[in-house]
Amino acid sequence: MGYYKNADILLKLPYNMRVRDIKYLSVWCQRFTVNFGQVNIPANLKIPSVRVLPEFSRLAHNLRSDNITILDSKTFYIPNLHYDGAGPDAYFWVGNGPEPNVYGTKVPNEMNSSLPLRGYEGVDIEIVLPGNLTVYDIDWLAVWCVQYRHNFGHVLIPKDLDVPPALGQTKIAPPWWYTPTSSTAAPELSNCMELLDGRVQVQWELLGEDIHVRVTGRIREEQYIAFGLSGEDGQARMRGADVVVVGYNKDRRTFFAEDYYMSDYSQCDGERGVCPDHKIGGKNDAVLINGTRRNGVTSVTYKRPLRTNEALYDRMIPETETTIIAAIGLLNKNYEANAHTSADATDEDIRINFGARGKHQCTGSIYEIPAEPEVKAWPAATIQGETNLVARIGPTGGPRGYSRITGQPSWGIAWFVNDKLIPEITVERGQNYTFVVEGGKDKTNPARYHPFYITDSPEGGFGQLTDSQQRRQKVYAGVEYDGNNYPYPTAAGRYCEYKHRRTDQSAKSETFEEFFATLRLECEEGEPATMVWHVEEDTPDLVYYQCYTHKNLGWKINVVDAGASSKSKSSSAGDLSPAAILVLLLAGLQQTFLGLLR
């Protein structure tokens, strides 16, 4: 120990010890076994902790956030921050009084810059009060326009705070879009393991209270690698898993490491599914250190704490061996993880001791990804001249189906309409079209809840959009509003899905008809939903049928003038399966019966 005089220092207990586990702290001379002084730790010690505040008030420029947290006496954590960036002279602003005013103090942004605030789109940031200012000195935190003296939104600071002192224990984590400069050195990591038949290498090291991880794999730019803790110790389980997704954002030319929680094996709907933590009320606890991409090999180094304060979304890293999982998959256009195939994920109990040292089991090279066989895409299906349609869920058709037809990555499921995979439908203005929908109605099971609607959005997912985003999307059928002006889907019926009889045979099926014969239809008990769409005269030439809760399940509807379409033999009732014909007949009888009652 060196010499100290009027110094503030921060001591960290060993990895497996907490303050409540000790009875005293002393300065001790090991050589002469002399106690130079000590402080006793009372058994009922009240330890300062973080304080959660409300979110920003929403006053102007689309400012909003999730609940703000005071991490220590100088640091604010602001999750899911949105701000349109249109204020001419806006800053984070703190001061005294009952509400924000001109006598405040400017707070640097998350990059320690005092420039006017840029726009934010759902990012998590930390800001630190300047100089000697602490949270005990202020009454509010705001986003304030200095030029026009306008409060865009604020949160009040309570007076009964008992938060940790700011001694450097809180570090500002850069947002996901920030890439460290090339001078940022990655630490040397002594442990290494190969996964997925050598296509992925994971290196790791316990350094202080953080696990440093380097994930390396030969992946394409549009792919990701996911690595983390299995949802259940002893077996590879996705549900409940806590992983970090790494990859390369070619639009921004940056690398990313994003913390994910998997509450269900389904596309994230904003509440459940395979979701980035920040989308469901948590925080991205993975801090990017650096990334490289050379000769098709992507390597991303990040760190994450052993323990976080997010019990809902983060699993604590145990002190013993634990089961891990890994996967390779496609990114969607927002650079979020899409579904992966079973061949691209671990399926056995692979165990890691994150506290190990020198456990090196890697060969030193990344093997090539097995070449994907060249397969011919199926011709896009069409439906023309039909006014009765049945919509169900089914597989995307692998390399021959959804992605090849639409040019977009898929989650692994898509709409089947009249037994056809995302057919391009043609409708006439002035006509009524009846959709019998069997996409699920159980809101508690996002993997089986796919209400049907018609929109001008090529993506869909109306239910997971913000208010302003919903206002920019036009809906033509399948969505109504309640007395409080909240939208809700109307076409949610029982769940029916076309499933593989054994394994996915899409790559081996030269035609869709051959592939369709390898599927079986499974339906839950219950009634389908019926949606009648009257095509108005001002409906644009191109709209889409989509899923209300998830994105990229549907495809195009071409809208033509009355009489411009002719009945297509390929989509006649004679080509429908007996089950589809029966559903249409029952739906017609139901509508007739309801009409007689009215």
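Leaving aside neighbours within four places in sequence, which residues is Tyr335 in contact with? They are Tyr248, Asn249, Lys250, Asp251 and Phe256, where contact means heavy atoms within 4.5 Å. Please keep in mind that this is a predicted model, in which local features need pLDDT of at least 70, side-chain atom pairs count only at pLDDT 80 or more, and totals for chains, interfaces and linings use all residues. Residues are numbered from 1 along each chain as its sequence is written, and side-chain values use heavy atoms, with hydrogens and water left out.

- Tyr335 lies in the loop between β20 (322-330) and β21; strands are DSSP runs of E of at least two residues, helices are runs of H or I of at least four, and both are numbered from the N terminus.
- Tyr335 counts as buried because its relative accessibility is 14% (buried is under 20% relative accessible area, exposed over 50%, partly exposed in between, with a 1.4 Å probe and protein chains only).
- Asn249 belongs to strand β15 (residues 242-249) and is buried too, at a relative accessible area of 2%.
- Although 86 residues separate Tyr335 and Asn249 along the chain, their C-alpha atoms are 6.8 Å apart.
- The side chains of Tyr335 and Asp251 are joined by a polar contact of 3.1 Å (a pair of N or O atoms within 3.5 Å; within protein, one must be able to donate a hydrogen and the other to accept it, and residues adjacent in sequence count only if both atoms are side-chain atoms).
- Asp251 also has its backbone nitrogen 3.0 Å from a polar atom of the Asn249 side chain.

**Aromatic pairs**

- The structure holds 21 aromatic pairs (rings of Phe, Tyr and Trp, the last by its six-membered ring, with centres within 6.5 Å; planes under 30 degrees apart are stacked, over 60 edge-to-face, and the rest tilted).
- Trp204 and Phe354 make an edge-to-face pair, because their ring centres are 6.4 Å apart and their planes stand at 65°.
- Trp204 sits in strand β12 (residues 200-207) and Phe354 in the loop between β21 (350-352) and β22 (382-384), so this pair ties together parts 150 residues apart in sequence.
- Both Trp204 and Phe354 are buried.
- Phe462 and Tyr548 form a tilted pair, with ring centres 5.9 Å apart and planes at 45°.
- Phe462 is buried at 1% relative accessibility, and Tyr548 is buried at 8%.

**An aromatic cluster**

- Trp378, Phe416, Tyr498, Phe512, Phe515 and Phe516 form one aromatic cluster.
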